Amino acid sequence: MKRFLAAAVVLAAGLSANAQAQSPVQEKTVVEFAYTYSYLFDVTFQRILPKFHAEYPDIEVRMRAAYKDYEDGTNTILREAVSGNLPDVTIQGLNRQAILVDKGIARSLEPFISKEPDFARDGYHKAMLDLGTSGGAVYGLPFAVSLPVGYYNMDLMAKVGITSPDQLPKTWDEVVGLCGKLQTAGIKTPMFWTWNITGNWFLQALMWTQGEPLMKNGKFNLASNAGLTALETMKKLFRGCSMPNYSLAEAQKAFAAGQVAMYFTSTSELGAVERSKGNWTLVTHEFPGLEPSGPKGLPAGGNAAMLVTTSKDPKKVEAAWKWLKYITSGEGAADVARTTGYMPPNKAANELILADFYKQNPNKETAVRELPLLREWQPYPGANGLAVTQVIYDGIETIVTGKANNMPALRDELQDEVTTLLAK
């Protein structure tokens, strides 16, 4: 796949060279770019690269090996900052931007924004832009917006009498009830709930569902009643649905193969699921809540583009800004929605595609309907943010595997461990 992307760069460069055959050969300015989740975004950049190179034939974008996930992306950038091998532009999880700002790795985008006469700062979703803002300065521009949604194999759901979207579950209790019916109907794995998605995103989803943040006034908030409800809800789902401890890749493969009836994950997966699924009917629907009225809020998933170049060459820095701006606004950002399940992060991109695109792609419109619920995907402050993520991950996995049954005790243990890490 990387060879394909490299070929796309060469192809675009070749087309440009042919068009300017009578002109002197110009040396291209190279922009090193690193992003995450190749299985989601390779197809996106296959569309964006030729358009960008047609508009900027003097710039060559070189794609680095994709990060495995957001945690890997942050760790890689931290290592490269020490070794002096940073890319020029990087894609980072929304909740991982602060550490790059704090360590002086990310560059403020304000000097570039101030020179753009038509830059619509207010066109970006505020909850996302705020995550990339520090001290009043923007350091990261949102690249892709995601929200958690439900995916349903309607062929399997029909086995328990559900044949239309308005019959799909509105609460987690309804999901558990359906799991029992699906198992009786012979479905071995009725549900997978992506507890192991990056950044403890689904734990934050259960907290925001209740209107409570996981971090409150700078402190870990799992000790609250909402925290206990979140853990108890997980236990109810994992036990009541006999949910296996799949990896994310295993879960997506099983769902695409038609072995899982209900799959709760990010809307970002939609493009990949549609390309890989078998001959069965897929429907997405709003994320269930604790009450029939639905969640009170949901965390804004996704990522942002950050300028981390160490180059002193103004021409190279300007080229990196042009690439960063292109992929986060207008036509570049619109291709995110066309090729994945993510939503564009700004109004300009939405206006390019919303008129007809979502009418023709109703499964991608589900997350758009959820946009009023969008809340902050909270980072864990300080140098131990990644360690906190892992501690919470390990704790939730004990619920999945059945090792933990006492949720008040697990809540207290996690609260103590995370509080200790955050204090360091």
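**Aromatic pairs and nonpolar cores**

1. Trp 321 has a relative accessible area of 1% and is therefore buried. It should be kept in mind that the model is a predicted one.

2. The aromatic pairs come to a count of 33. In one of them, Phe 112 and Trp 321 are stacked, with 5.4 Å from centre to centre and 25 degrees between the planes. This pair joins distant parts of the chain, since Phe 112 belongs to helix H5 (residues 110-113) and Trp 321 to helix H13 (residues 314-328), 209 residues apart. Phe 112 also counts as buried, because its relative accessibility is 11%, under the 20% cut-off.

3. Ring pairs also build a cluster, whose members include Tyr 37, Tyr 152, Trp 172, Trp 193, Phe 264 and Trp 377.

4. The largest nonpolar core holds 121 residues, and those touching the most other members are Trp 193, Met 262 and Trp 323. Helix H13 supplies the largest share of this core, namely 8 residues. In soluble globular proteins, nonpolar side chains tend to be buried together.

5. Which residues does Trp 193 contact, leaving aside neighbours within four places in sequence? Among them are Trp 172, Phe 202, Leu 206, Met 234, Phe 238, Met 243 and Phe 287.

Technical notes:
Residues are numbered from 1 along each chain as its sequence is written. This is a predicted model: local features need pLDDT of at least 70, side-chain atom pairs count only at pLDDT 80 or more; totals for chains, interfaces and linings use all residues. Side-chain values use heavy atoms; hydrogens and water are left out. Rings of Phe, Tyr and Trp (its six-membered ring) pair if their centres lie within 6.5 Å; planes under 30 degrees apart count as stacked, over 60 as edge-to-face and the rest as tilted. Helices (H or I, at least four residues) and strands (E, at least two) are DSSP runs, numbered from the N terminus. Buried means under 20% relative accessible area, exposed over 50%, partly exposed in between (1.4 Å probe, protein chains only). A nonpolar core is a set of buried Ala, Val, Leu, Ile, Met, Phe, Trp, Tyr and Cys residues joined through side-chain atoms within 4.5 Å. Contact means heavy atoms within 4.5 Å.
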